[in-house]
Structure formats: structure tokens, C-alpha cells
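Subject: Structure for you to look at

Hi,

Here is the structure I promised to send over. Could you open it next to this email and follow along as you read?

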Amino acid sequence: MSILEARERRGLKMKALASSSLTWITIKANAISSIRLHPLMSSMVVIAYDELLNTIPLCKQEATLDAEGLVIYVATNLSGIEAKKRCVSMEENHPIGRLVDLDVFEGGSSISRSELGIAPRLCFLCEQMAAQCVRSKTHDISLIEAYSLKEARDYLLKTQGRSAMFGMVAELTRFRTYGCVGVMHSGVHTDMDFFTYLASLRVLWHQFDLMDHQMTGNFTQLRAFGQRIEAHMFEATYGKNTHKGAIFLLLFAISADMAKKSIQKRIEHIRWLASEVKKDFDQTPLTYGLFASKSYSIVSIRHLVLDGLSWVYQTLVPKIGVSEDELMANIISCIDDTTTLKRSDLATLRFLQSWAKELLSRREYDSMKELDDYYMKHRLSSGGCADIYALAYYIALREGKV
Ligand SMILES: [Zn+2]
């Protein structure tokens with residue numbers, strides 16, 4: 001879909017929202033069109049959403065993902081003027097306020113800054129009126145792009161929780177989800193949607209920030225912490241498992257980041273920490289992942305962890321920057337996803353993997369659409385692959401690769 005089409009659709013959407021008696025706020029990236037779909041920019045939208053929910057009573061919410069990027073719509077019973085005041089305060093005072101656009105609509109028309117007697121927004125680069133710089137194309141596009149991406153990146157790198165959140169946002173805002181929950185649909189899931197994931201992600205991000213160095217050298221402590229985080233996730237989602245696999249992977253990766261500098265040392269650190277996971281294999285299988293690993297001799301995510309996640313660090317992360325389709329073809333073809341297995345059988349899993357491998361070797365990434373459709377049609381899900389995608393983006397950010 002082109003930007004114009006996306007804008008037109010958004011205009012129609014706003015018209016529909018205008019018939020409601022509520023005040024609507026749209027949260028979107030304040031970025032030039034070439035980077036609006038970048039996961040760094042989608043993360044800014046999620047941060048603004050998280051921040052706004054602290055100051056605005058929420059009545060309804062919706063979201064879209066198209067050429068305009070991720071847009072979250074929030075409805076409140078505040079007056080338009082009051083909502084606009086709170087939004088402007090966030091735009092002006094939050095460290096990433098300049099990277100988001102918070103527009104407020106009441107009765108179908110948008111409330112402008114001038115109605116509040118507030119000056120228009122200024123350009124990031126020259127502090128002149130932003131609208132003027134856009135109109136006269138004052139700045140080179142690559143400079144504006146670089147500025148926005150750097151500001152977003154710097155903010156996300158400040159804490160491990162923010163970096164982990166970025167990984168989870170990158171995963172959640174994929175265009176094709178292979179049966180998983182995304183922005184525009186819930187995949188094959190009927191009991192959760194985008195906002196269930198967002199609720200989970202908001203809790204997890206702040207929880208990951210509580211991890212400290214003590215946990216990095218001790219699997220028992222790490223596991224106890226992981227169980228606590230999981231409990232928070234289930235509370236936020238009313239008992240739905242949104243990120244259990246991602247939590248498991250991110251705990252190891254964050255722990256390795258805190259303990260070691262070089263990639264090789266991090267891999268060794270994870271191998272050493274995970275040697276405790278081996279004990280799980282000797283116990284009566286409790287989870288489906290464990291059961292599947294034992295019964296089918298497959299390479300599950302637990303096996304990847306036992307190997308220090310070396311495949312993710314050394315093979316997958318260096319590929320970040322290729323298209324979403326190409327990255328997913330790599331993941332699907334290499335990972336024995338027990339989530340897929342749970343809804344099908346080993347023959348189906350192998351069929352999907354060889355399909356992805358074939359598209360990869362022929363570089364026919366557009367055909368990933370048909371693979372995505374297959375997952376939906378056959379009610380399959382690829383939750384394990386999604387967790388790896390989130391992990392790869394977390395590591396890539398920390399490595400300076402996004
Ligand atoms: Zn300017």
C-alpha cells in the first residue's frame with residue numbers, strides 16, 4: 001500500500017472515529033516516510049503509548065500498520081483541549097517527545113497547538129518552524145533520517161529493558177506473522193490480539209530493567225527471576241502466554257550482555273549458564289517443547305540455548321538489515337519450532353522448513369506471502385520463530401547493527 005493510500009484510509013478511519021462522542025488521540029512516529037516502518041520508530045510509538053496511558057484515562061484503542069508506520073489510536077473521555085494539553089506536554093518534555101506525533105481529534109476535527117496558545121513544533125535540526133522546513137525541503141533527507149534513528153537508538157540503548165522491548169516490538173510489528181499475533185490481525189489466535197501483546201510487553205520491559213549483575217552468574221537466581229517476570233506477564237494478559245519463550249531467550253542474552261563483552265565470551269557464558277537447563281531434559285517432560293525434543297530428536301530453542309545461542313549471534317544477527325521476509329525465511333528454515341509442531345506433526349514442520357529454504361535459495365522473498373497464507377489456512381503458528389526474531393533484534397541493537 002502506498003503512502004497516499006494509507007493516508008486516505010487513515011482519513012476515512014478518522015471520519016469514522018469522529019462520529020464517536022469520545023476524544024481520539026493518534027500516536028504515530030514523527031519521522032520521514034522512508035523510516036516510518038523501521039522498528040526503531042515503531043518502538044517510539046509504543047513508548048509514547050506507554051507514557052500516555054499514565055496520564056490519560058483509556059476508553060478504547062485501535063492500531064494500524066501500513067505505509068504510514070505503526071499508528072495507535074486511543075480514545076478517552078477527557079475533553080479535546082485537556083487531552084491535547086497532556087499530549088503537547090509529552091511531545092515537549094519526554095526525551096523522545098520530538099520523535100512522535102500525538103494528534104487529538106474531537107468531533108471529527110483536530111485540535112491545533114494554536115488553540116491552546118502553544119507555539120508550533122520546531123525542526124529537530126535547525127530549531128526553525130518544522131512545517132516551514134518540510135515545505136521548503138531545507139534539509140537533506142539522509143540527515144533527517146540519521147537524526148531520528150540515532151535519537152531513538154540512543155534512548156533504547158540506555159537500559160536493557162528498553163532494548164528488550166525494542167526486540168519484542170520489532171517482532172510484533174512484522175507485516176507477515178506466520179500465524180502469530182500482529183498489528184492488523186491476531187493470526188490463528190482467537191484469545192489474544194495486538195493489545196494483549198502490548199500489555200505484556202509494557203510490563204516485561206520495566207521488569208527486565210530490574211535485572212542486576214547478581215543474576216548473571218547464577219542460573220538458580222536467573223530462573224527465579226524469570227518465573228517472577230512470567231507471573232507479571234500472566235497478570236497483564238489475564239492468563240495468556242504471550243512472551244514466555246521470548247522471556248526465556250532474553251534472560252540469557254541480557255545476562256550474557258551484563259557479564260561479558262565479546263560475542264565469543266557471551267556465547268560461552270550462555271553455554272555455562274544453560275548447562276543447568278540440561279537437567280530439564282532428564283526430568284519427566286513437563287512442557288510441550290521438552291516433550292517434542294525428546295520424542296522427535298529435533299533442534300528446539302532449548303538446544304540453541306545449550307549451544308550458547310551461537311547460531312543467533314554468529315549467523316542470524318549479521319543478517320539483520322535484510323528484508324523482513326528474508327530474515328523470516330532464514331529463521332523458519334533453520335529452527336525446529338515446537339509451537340508449529342504442537343499444532344501439526346513432524347512432516348508438516350519439515351515441509352514448511354524446506355519450503356522456506358527453497359525460497360531462500362531462489363531469493364524469491366515475495367513468495368513468503370504464500371508461506372504466510374499456508375500457516376493461516378492450516379491454523380499453524382510459528383511462535384518459536386517469532387521469539388528468535390525478537391531476540392535477534394535485541395542483540396542487533398546492542399551490537400550497533402540497527
Ligand atoms: Zn530545519
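Predicted model: local features only at pLDDT ≥ 70, side-chain atom pairs only at ≥ 80, totals over all residues.

**The zinc site**

Start with the metal. The zinc ion is held by C123, C126 and C133 through their SG atoms and by H139 through NE2, at 2.0 to 2.3 Å. If you read along the chain, these donors follow the pattern C-x2-C-x6-C-x5-H.

What arrangement do the four donor atoms make around the zinc ion? Their angles run from 97 to 115 degrees, which makes it tetrahedral. To give you something to compare with, the ideal angle for four tetrahedral donors is 109.5 degrees. As for C126, its relative accessible area is 27%, so it counts as partly exposed.

**The sheet**

Next, look for the open sheet. It has five strands in the order β2-β3-β1-β4-β5, with antiparallel pairing. Which strands stand at the edges? Those are β2 (60–66) and β5, and each has a single partner strand, so one side of each is left without a neighbour in the sheet.

In case strand pairing is new to you: strands of a sheet pair through backbone hydrogen bonds, parallel or antiparallel. Here, β4 (residues 100–106) and β5 run antiparallel and are joined by two bridges. You can find E106 standing opposite S109 in β5. Helix α3 (residues 80–93) packs on the sheet, where it touches β1 (23–29), β3 (69–76) and β4. The direction of α3 makes about 175 degrees with that of β4.

**Two buried residues**

While you're at the sheet, click on T26, which lies in strand β1. Its relative accessibility is 3%, so T26 counts as buried. Leaving out residues up to four places away in sequence, T26 touches M14, V71, I72, Y73, D101, L102, D103 and F105.

Now jump to N330 in helix α15 (residues 324–334). Is N330 buried or exposed? With 9% relative accessibility, it counts as buried. Setting aside neighbours within four places in sequence, N330 is in contact with W311, L316, K319 and L360. N330 and K357 are 27 residues apart in sequence, and their C-alpha atoms are 7.3 Å apart in space.

**Aromatic rings**

Last stop: the rings. The structure holds 11 aromatic pairs. One of them is F219 with F252, a stacked pair with 6.2 Å from centre to centre and 25 degrees between the planes. F219 lies in helix α8 (residues 219–236) and F252 in helix α9 (residues 244–259), so the pair ties together parts that are 33 residues apart in sequence. Both F219 and F252 are buried.

Then there are F351 and W355, with ring centres 5.6 Å apart and planes at 55 degrees, so this pair is tilted. F351 and W355 are four residues apart in helix α17 (residues 346–362), which means about one helical turn separates them. F351 has 38% relative accessibility, so it counts as partly exposed. Finally, look for Y49, F194 and F195, which form one aromatic cluster.

Enjoy!

Methods: Residues numbered from 1 in each chain as written. Heavy atoms only, no water. Donors = N, O, S within 2.8 Å, 3.2 Å for Na, K, Ca; no water. Tetrahedral: all angles 85-135°; square planar, octahedral: opposite > 155°, others 65-115°. Buried < 20%, exposed > 50% of the residue type's maximum accessible area, 1.4 Å probe, protein only. Pairing = 2+ DSSP bridges. Contact = heavy atoms within 4.5 Å. Axes fitted to C-alpha atoms, helices over the stretch in contact; angles between N-to-C directions. Phe/Tyr/Trp six-rings, centres within 6.5 Å; stacked < 30°, edge-to-face > 60°.
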